[in-house]
Amino acid sequence: MDSVDQNEAWRILIVEDDERLADLTKEYLETNGLIVGVEPNGAHAVERIKNEKPDLVVLDLMLPGEDGLSICRRVRPFYSGPILMLTARTDDLDQVLGLEMGADDYTSKPVRPRVLLARIRALLRRVKEQGGSGAESAAASDEDQGEQTRLVFNDLVVDKAMREAWLNDESIDLTSAEFDLLWLLASNAGNVLSREEIFTALRGIEYDGQDRSIDVRVSRIRPKIGDDPVHPKRIKTVRSKGYLFVKEA
């Protein structure tokens, strides 16, 4: 049994113009306990996401009416749920752009239904773990478990309970996925984390050796926390090993 409660009515919206693929995906996900809607036209996707507020959006990159990148960019100001982007292209640029526009994850088409379900469950699991009754309950939960909820590194502060970070007392604009990665690295300061360890911790699924989302997010986090993207001192790349968050940068 997956750690995401199968009895919860998780609502998924698939934005996909390939009718056969959308129907097959919908049937498979519903068989596995999800409530699924389908939108074939990109021009209507933004309004549906705004009105229906699904728990997760599966968003195709290439759509009639409006492409997935544009939709992702437009919905992010009002939609905080996870967005899983599908792309038929193998070009890394599309995957990078998707992450930069606010997608939480991506997978290349044709995607196997079991793989898609695993990605969806991993994203929903993260939503559930972040849920509850707000920052106070999160802080109380961490205190009960004896976990530290605020990390301070000179001018950088990362707060897990509030899910915020500050640099020189100025709030840092981080996506949910970027904060998760920053917290993971910062809470393991002084230790090298491999891409496999990071991927498994954040996604809950096995690293396939090709996914670049971790590298993209590290490159986006660095300038936000005052790190030099060319010669980083805070988050260092350790060749053939992974990433190291330096305690005293």
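Hello everyone. A word on the ground rules: this is a predicted model, where local features need pLDDT of at least 70, side-chain atom pairs count only at pLDDT 80 or more, and totals for chains, interfaces and linings use all residues. Residues are numbered from 1 along each chain as its sequence is written, and side-chain values use heavy atoms, with hydrogens and water left out.

Let's begin with salt bridges, meaning a side-chain nitrogen of Lys or Arg within 4 Å of a carboxyl oxygen of Asp or Glu. With that rule, the model has 16 salt bridges.

Take R76 and D104, whose side chains meet in a salt bridge at 2.6 Å, N to O. Why do I like this pair? R76 sits in the loop between α3 (68-75) and β4 (83-87), and D104 in the loop between α4 (92-100) and β5 (105-108), so the pair ties together parts that are 28 residues apart in sequence. Helices here are DSSP runs of H or I with at least four residues, strands are runs of E with at least two, and both are numbered from the N terminus. D104 has 5% relative accessibility, so D104 counts as buried. For that term, buried means under 20% relative accessible area, exposed over 50%, and partly exposed in between, using a 1.4 Å probe and protein chains only.

Next, E39 bridges to R48, with the closest N and O atoms 3.3 Å apart. E39 is buried at 7%, while R48 is partly exposed at 21%.

R150 pairs with D159, and here the closest N and O atoms are 2.8 Å apart. R150 is partly exposed at 38%, and D159 is buried at 5%. Elsewhere, salt bridges with shared partners join E16, D60 and K109 into one network.

D17, D18, E19, D23 and E27 form a negative patch; patch residues have over 30% relative accessible area and no salt bridge, and like charges are joined within 9 Å. Among them, D23 lies in helix α1, residues 19-31, and is partly exposed at 42%.

Finally, S194. Where is S194 placed? S194 is in the loop between β10 (192-193) and α8 (195-203), and is buried at 16% relative accessible area. Leaving aside residues up to four places away in sequence, S194 touches K241 and G242, with contact meaning heavy atoms within 4.5 Å. The C-alpha atoms of S194 and L244 are 8.9 Å apart, although 50 residues separate the two along the chain.

Notes
Patch = residues over 30% accessible without salt bridge, like charges linked within 9 Å, V, L, I, M, F, W, Y side chains within 5 Å. Areas by Shrake-Rupley, 256 points an atom, 1.4 Å probe, with all protein chains shown as cover. Lys, Arg positive; Asp, Glu negative; His and termini not counted. Charge placed at Lys NZ, Arg CZ, Asp CG, Glu CD.
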